[in-house]
Each structure stands twice: as C-alpha cells, then as structure tokens.
Amino acid sequence: MQDYDLDATLTSGQVFGWEPRAESWIGVVNGRWVKLTQTPRRGIILAQTAEPQTEWSWLADYLQAGVDLDQILATFPTDPQSRAWRDAAIESCRGLRLLRQDPWECLASFILSSTKQIVQIRQIVAVLRARFGSPVVVPAGERPAFAFPSARRLAAATATELRECKMGFRAPYLLATAQRIASGQCDLASLRQMRVADARAELVKLPGVGDKIADCVLLFAYGFRTVFPIDVWIAKALRKYYFRGRHVRAIRLRHYVVNRFGPHAGYAQQYLFHYIRTKGRVTGDT
DNA sequence: GACCAGGACCATT
DNA sequence: AATGGTCATGGT
C-alpha cells in the first residue's frame with residue numbers, strides 16, 4: 001500500500017493493542033490474530049493470519065487502506081496560523097492514517113487512558129486482554145494472544161479484579177460502562193446511524209466518559225472525521241499556534257476548532273498530535 | 001523525589 | 001459557569 005506509515009499509525013495514540021516484534025506488528029482484529037509487516041522500500045503491508053482467509057475486507061476496513069490520503073491532506077487548513085505546523089506535520093507524518101476500530105474496544109481503551117501515558121495504556125490493555133480476553137488461534141510457535149474482552153465479560157468482573165490490571169481509579173468507570181453496554185442500556189451499534197452530536201450525547205452518558213474520550217471514540221471507531229479531540233497535548237499546541245501561547249479555557253478551544261479544520265478535522269488533529277509528540281517542541285502554559 | 005500523563009467527577013465558589 | 005481537589009499508577 002502506498003502512502004501508508006504503519007509504524008506511525010499504530011503508535012500515534014489512537015490504538016493501544018498492537019505489539020511490536022521483529023520488524024512486525026502483532027494484534028487481534030475481529031477476533032483474528034494478525035501479523036503486519038511493512039516492506040522497507042515500497043511500503044507494502046503484508047498480513048499473516050493464523051488461519052487461511054478467503055477475504056480480507058475486515059482488515060482493509062480496519063486499516064482504512066482504501067482511503068485517499070492526498071485528498072484528505074489537501075483539506076487541511078491553510079491560514080497563516082495553521083501554516084506554521086501544517087506543512088511540517090504533513091512532511092514528517094505522511095502516511096499516518098486513522099484506523100476504523102471496534103467501538104467497544106476503543107471506548108474501553110480510552111476510558112483507561114485518562115491521565116495515563118500511552119506506554120502505560122498499552123500495558124493496561126495488554127494485562128486486561130491476557131486476564132479477561134478470549135484466546136485466539138495463533139500460528140505454531142507464536143505466543144498466546146487474546147482478543148479484547150467483551151463488555152459482557154468485563155461486566156461480570158469485580159472492581160477489585162479490574163484494579164489488579166493496574167487501571168487504578170478507572171476500574172469502577174470501566175466496570176459501570178461495561179455493565180451498561182452488556183445490559184443493552186446503551187447500544188453502541190445504534191450510534192453508527194446517528195448524527196455526531198446525538199452519538200456524542202449518548203457516549204457522555206456513560207461513566208468515565210467526557211467530551212474528550214467521546215470524541216476519540218467518535219473519530220477512531222465510528223469514523224466521524226469532523227470530530228476533533230482536545231487533550232492536553234492538543235490544547236498546548238492550539239494555544240501555541242493560535243493564541244500566542246496564552247492560556248485559553250477548554251470551552252473556548254472547543255468552540256474555536258469547530259469549522260476551522262475542515263471536513264477531515266479529525267485527521268488534522270491526529271497529524272498535529274503526532275507531529276508535536278514526535279518532532280515538535282510545544283511550550284507554553286497549561 | 002517531584003512532576004506529569006490522549007480526564008472525569010464532585011464539591012465549592 | 002468556573003475553578004480546585006481527587007482519584008491510582010508508573011515513566012521520566
């Protein structure tokens with residue numbers, strides 16, 4: 001696949017379940033063990049599964065392989081303030097994609113993400129999967145692998161058991177939300193055909209889910225590309241590039257980004273996020 | 001040993 | 001409406 005940076009995509013803080021191993025990435029998609037390897041020169045992504053596959057649409061959809069990246073990057077804002085980061089971010093992050101993740105896995109992962117570093121979120125998710133996830137078929141010689149635990153499975157756990165996965169005060173949030181999903185009180189599948197605002201309103205009803213986490217799920221799982229999650233990193237970047245580094249309230253930032261970053265604002269957000277985390281130096285007050 | 005991490009929530013003003 | 005404290009844990 002051309003114009004696809006697998007490393008950047010899997011390490012950019014949108015997904016936490018992929019494990020690096022010897023020039024490859026190992027993960028579980030749709031209950032299937034997958035090993036992805038991107039060839040050095042041409043950037044072709046090779047996929048190995050544990051069992052023969054008759055069709056690959058489930059993986060192509062997950063990776064969003066058919067998305068026209070150039071068309072998306074062309075919509076990034078070109079105003080003078082945006083130009084201060086836009087070209088450099090596209091230059092250094094080109095090939096970064098937004099995945100199309102499973103809503104429950106994405107939602108649960110981001111409930112665990114609050115005030116955690118990405119490396120720690122990955123750790124928590126790994127422990128959670130090993131402890132509560134169903135084992136998946138792996139090729140001979142590969143280490144055991146587990147699917148992300150279902151809401152039903154986690155709803156049957158205790159807060160104490162969840163805390164043993166190092167998630168700390170997030171345990172009761174994850175448990176309560178899992179119970180609402182498992183009971184059908186919230187139907188994640190029904191959010192797909194809703195308008196963004198309505199889907200967000202449903203998500204923030206869930207325990208441990210505020211605007212930021214809801215936006216991440218809307219963008220990374222449901223594909224609402226206009227959604228622009230604002231975390232501490234993005235907030236700093238917005239203050240630097242658009243408010244001369246001065247302190248601006250979160251509510252004003254959220255209002256500011258609406259209709260400013262185009263029809264693929266979520267993509268712009270992810271490029272900005274990855275850019276400042278890997279290359280840029282963002283300073284300024286918090 | 002501070003300080004912070006892809007926040008949310010609750011109690012005060 | 002807008003702060004401030006608190007939550008649990010590990011990296012830097």
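**Around the DNA**

Tutor: Let's start with DNA strand C, which is surrounded by Lys116, Gln117, Gln120, Arg163, Lys166, Gly168, Phe169, Arg170 and Arg249. A residue counts as near a strand if one of its heavy atoms lies within 4 Å of it. Of the atoms of DNA strand C that come within 4 Å of the protein, sugar and phosphate account for 61%. Before we go on, some ground rules: this is a predicted model, where local features need pLDDT of at least 70 and side-chain atom pairs count only at pLDDT 80 or more, while totals for chains, interfaces and linings use all residues. Residues are numbered from 1 along each chain as its sequence is written, chains are lettered from A and ligands numbered from 1 in the order in which they are written, and side-chain values use heavy atoms, with hydrogens and water left out.

The surface near DNA strand C divides into 1 nonpolar, 3 polar and 5 charged residues. Here Ala, Val, Leu, Ile, Met, Phe, Trp, Tyr, Cys and Pro count as nonpolar, Asp, Glu, Lys and Arg as charged, and the others, Gly among them, as polar.

Now for some polar contacts, meaning pairs of N or O atoms within 3.5 Å (within protein, one must be able to donate a hydrogen and the other to accept it, and residues adjacent in sequence count only if both atoms are side-chain atoms). Arginine 249 puts a polar side-chain atom 2.2 Å from a phosphate oxygen of DNA strand C.

DNA strand B has 29 residues around it, and Gly13, Gln117, Ile118, Gln269 and Gln270 come nearest. Sugar and phosphate make up 61% of the atoms of DNA strand B that come within 4 Å of the protein. At isoleucine 118, a polar backbone atom sits 2.3 Å from a phosphate oxygen of DNA strand B, whereas glutamine 270 has a polar side-chain atom 2.7 Å from a base oxygen.

Helices (H or I, at least four residues) and strands (E, at least two) are DSSP runs, numbered from the N terminus. By type, the residues near DNA strand B split into 13 nonpolar, 11 polar and 5 charged.

In the loop between α5 (103–111) and α6 you'll find threonine 115. Its phi is near 45°, a positive value in a residue other than glycine. Threonine 115 is exposed, at 70% relative accessible area; buried means under 20%, exposed over 50%, and partly exposed in between (1.4 Å probe, protein chains only).

Away from the DNA, let's look inside. The largest nonpolar core has 79 residues, and Trp104, Leu128, Leu162 and Leu174 have the most contacts inside it. Such a core is a set of buried Ala, Val, Leu, Ile, Met, Phe, Trp, Tyr and Cys residues joined through side-chain atoms within 4.5 Å. Its largest share, 8 residues, comes from α14.
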